[in-house]
Amino acid sequence: MADQISLQPGFPPWQPAAVAQLAKTNNFYDMPLLGLIRQAGGLYLFMCVEGHTGPGNLWAYVLVQEDERSSLHRVSQYPEEFDSMVRTLVTDSPLVVAVAREGHGIASSALIEEPARYRSLLEAAIDAFRSTEIDLERFLAATAD
């Protein structure tokens, strides 16, 4: 099991690789927006961070430990506690962010080692993509039209 999920370009964000399986959907609007993915023996939380209703989206993926999975399940009926736990998971652990385009799947991904250093996941992702070919702000703006 790897600490970071492996993503493949062209795959949908909720099934980001040939070996990934959607295990649970916690939020759905035209597509899964938040849930759990199984891959290589690990369980990963995925969430749409930006672009929920647009053609371009920003996604985050973080490994969920067994005790965290039990806690997520336990609080899943309580939206405020569930949201708080999701925020803690994506802030306290290294995570992978990806950009995707409707109909084309994942375009690129980057690792964020210390998400807690940033004010938001969007700010962390913008910084992470600076070293790649993706200008995140431009990507999201261009696909919003």
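**Exercise 1. Place Pro32 in the fold and decide: buried or exposed?**

Solution. Start with the element: Pro32 sits in strand β2, residues 32-39. Strands here are DSSP runs of E, at least two residues, numbered from the N terminus. The model is predicted: local features need pLDDT of at least 70, side-chain atom pairs count only at pLDDT 80 or more, and totals for chains, interfaces and linings use all residues. Residues are numbered from 1 along each chain as its sequence is written, and side-chain values use heavy atoms, with hydrogens and water left out.

Next, accessibility. Pro32 is buried because its relative accessibility is 5% (buried: under 20% relative accessible area; exposed: over 50%; partly exposed in between; 1.4 Å probe, protein chains only).

**Exercise 2. Which residues does Pro32 touch, leaving out those up to four places away in sequence?**

Solution. The contacts (heavy atoms within 4.5 Å) are Trp14, Leu22, Thr25, Asn27, Phe46 and Trp59. Take Leu22: it lies 10 residues from Pro32 in sequence, with 9.3 Å between the C-alpha atoms.

**Exercise 3. Describe the lining of the second largest pocket.**

Solution. List the residues: Asn26, Asn27, Leu33, Leu34, Met47, Cys48, His52, Ser76, Pro79, Phe82 and Asp83. Lining residues have an atom within 4 Å of a pocket point. Now assign elements. Two or more residues each come from β1 (21-28), β2, β3 (42-50) and α2 (79-92). The largest share, three residues, belongs to α2. Last, sort by class: six are nonpolar, four polar and one charged (nonpolar: Ala, Val, Leu, Ile, Met, Phe, Trp, Tyr, Cys and Pro; charged: Asp, Glu, Lys and Arg; polar: the others, Gly among them).

Terms used. Helices (H or I, at least four residues) and strands (E, at least two) are DSSP runs, numbered from the N terminus. On a 1 Å grid over the protein atoms alone, a cavity is a set of points where a 1.4 Å probe fits but cannot get out, and a pocket is an open set with protein on both sides within 12 Å along at least five of seven lines; lining residues have an atom within 4 Å of a point.
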